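Please walk through this chain with its model open beside the text.

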Amino acid sequence: MIHTGERYINPLTDFGFKRIFGTPFNSELLVSFLNAVLDGERVVEEVEYNNSEKFGSNEAARKAVFDVYCRTSDGSRFIVEMQNVYQDFYKDRSIYYSTFPIAEQAEIGDWNYELKDVYTIGILNFAFPENKRSGDDGIFREVKLMDVNKKEVFYDKLTYIYVELANFHRDIDECVTVLDKWLFCLKNLQNLLERPAELQGRVFERLFRTAEIAKFKPMELKAYEQSIHAYRDIKNGMDSAKRAGMALGEAKGRAEGRAEGRAEEKEDMAKRMKLKGMPASLIAEITGISEADISKLPD
């Protein structure tokens with residue numbers, strides 16, 4: 001059952017994400033979010049929802065199921081995905097998904113191959129491993145096809161935008177832009193008991209009305225409960241893996257510390273033996289330290 005203290009849905013669940021962004025009734029919310037992400041690069045005025053399940057050109061081809069797939073009035077396509085767990089080939093998958101809205105633009109008969117823009121937007125509840133290793137805690141990255149030598153965009157109609165929600169740690173009073181406010185809601189909505197004063201305006205009023213659990217019909221409540229259980233299973237699995245990794249690291253650290261201590265003991269023993277004039281061959285046999293390393297020890 002849902003915890004009695006929760007007033008609003010968790011947007012990071014499959015049900016929650018699609019309820020907020022994936023229905024024509026709430027298209028205003030999706031338009032607001034897209035414009036916040038695009039930040040003036042272009043303006044989306046309205047969207048038409050497309051079938052989110054796409055198949056390849058034949059029965060053997062794999063299919064793709066998008067969280068949200070829509071088209072704007074000028075024909076541009078947008079895929080919006082929520083991803084809670086890192087997958088080894090997540091980038092490959094996002095590239096693969098983008099091929100469907102590209103391929104479906106092909107026209108029968110004479111066609112000059114002109115394409116409309118395609119955007120793939122990934123909201124990630126994790127940070128890419130390479131960014132974690134380098135200490136990069138950036139939230140937003142935009143990727144286009146680039147001319148490597150000229151360091152400039154080669155083709156600007158294919159765009160991948162990744163929002164690393166795991167790196168977003170701002171409180172509501174630190175949120176200045178509309179995108180900040182959207183990311184705050186995505187990460188914290190289920191923990192709120194009322195709409196913060198900073199989240200004013202028609203869009204956020206609609207968001208909080210849409211997300212209020214008490215207004216769900218019985219079938220909607222059942223679907224959300226199933227979705228929240230699945231989300232909690234994923235989160236518990238992630239937390240368990242993280243704890244196991246930390247325990248392994250601590251055990252490795254203790255083992256390395258013990259090994260380092262034993263190495264220091266052997267070196268001290270070798271120094272004392274050498275000072276007593278014992279031959280290097282005998283010291284090496286007793287301590288396991290090579291004669292070359294023994295020769296470097298002080299006399």
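Does Asp 293 count as buried, partly exposed or exposed? At 40% relative accessibility, Asp 293 counts as partly exposed, where buried means under 20% relative accessible area, exposed means over 50%, and partly exposed lies in between (1.4 Å probe, protein chains only). The residue is found in helix H9. Helices here are DSSP runs of H or I with at least four residues, strands are runs of E with at least two, and both are numbered from the N terminus. Asp 293 and Ala 270 are 23 residues apart in sequence, and their C-alpha atoms are 9.9 Å apart in space.

This is a predicted model, in which local features need pLDDT of at least 70 and side-chain atom pairs count only at pLDDT 80 or more, while totals for chains, interfaces and linings use all residues. Residues are numbered from 1 along each chain as its sequence is written, and side-chain values use heavy atoms, with hydrogens and water left out.

The chain has 9 helices and 8 strands. Of its 299 residues, 39% are buried. Its accessible surface, from the Shrake-Rupley method with a 1.4 Å probe and, for residues, only the protein chains shown as cover, comes to about 17,900 Å². Carbon and sulfur atoms account for 53% of that surface. Contact means heavy atoms within 4.5 Å. Among contacts between residues at least 6 apart in sequence, 59% join residues at least 24 apart.

Pro 298 lies in the segment after helix H9 (291-295). Not counting residues up to four places away in sequence, Pro 298 touches Lys 271, Lys 274 and Leu 275. One of these, Lys 274, is 24 residues from Pro 298 in sequence and 8.3 Å from it in space, C-alpha to C-alpha.

At the other end of the numbering is helix H1 (residues 14-21), where 6 of the 8 residues are buried, so the helix is largely enclosed by the rest of the structure. The buried residues of H1 are Phe 15, Gly 16, Phe 17, Arg 19, Ile 20 and Phe 21. What is the relative accessible area of Arg 19? The value is 19%, and Arg 19 is therefore buried. Leaving aside residues up to four places away in sequence, Arg 19 touches Ile 9, Asn 26, Thr 210, Phe 216 and Glu 220.

Helix H5 is the next stop. Its buried residues are Leu 179, Asp 180, Trp 182, Leu 183, Phe 184, Cys 185 and Leu 186. They pack against H1, H2, S6, strand S7 (140-147), strand S8 (152-164) and helix H6 (202-211).

Two of these helix partners can be described by their axes, which are lines fitted to C-alpha atoms over the stretch in contact, with angles running from 0 to 180 degrees between N-to-C directions. The axes of helix H2 (residues 27-38) and helix H5 (residues 178-188) come within 8 Å and cross at roughly 120 degrees. That makes H2 oblique to H5, since angles under 35 degrees count as roughly parallel, over 145 as roughly antiparallel, 65 to 115 as roughly perpendicular and the rest as oblique. Leu 29, Ser 32, Phe 33, Ala 36 and Val 37 of H2 meet Val 178, Leu 179, Trp 182 and Leu 186 of H5. These contact residues divide into 8 nonpolar, 1 polar and no charged, with Ala, Val, Leu, Ile, Met, Phe, Trp, Tyr, Cys and Pro counted as nonpolar, Asp, Glu, Lys and Arg as charged, and the others, Gly among them, as polar.

The axes of H5 and H6 come within 12 Å and cross at roughly 10 degrees, so H5 and H6 are roughly parallel to each other. Val 178, Lys 181, Trp 182 and Cys 185 of H5 make this contact with Val 203, Phe 204, Leu 207 and Phe 208 of H6. The contact of H5 with H6 has 7 nonpolar residues, no polar and 1 charged.

Two loop residues remain. Most residues other than glycine have a negative phi. Asp 39, in the loop between H2 and strand S1 (47-49), has a positive phi near 50 degrees. At 66% relative accessibility, Asp 39 counts as exposed. Tyr 113 is found in the loop between helix H3 (90-103) and strand S6 (118-124). Its phi is positive, at about 70 degrees, and at 62% relative accessibility Tyr 113 counts as exposed.
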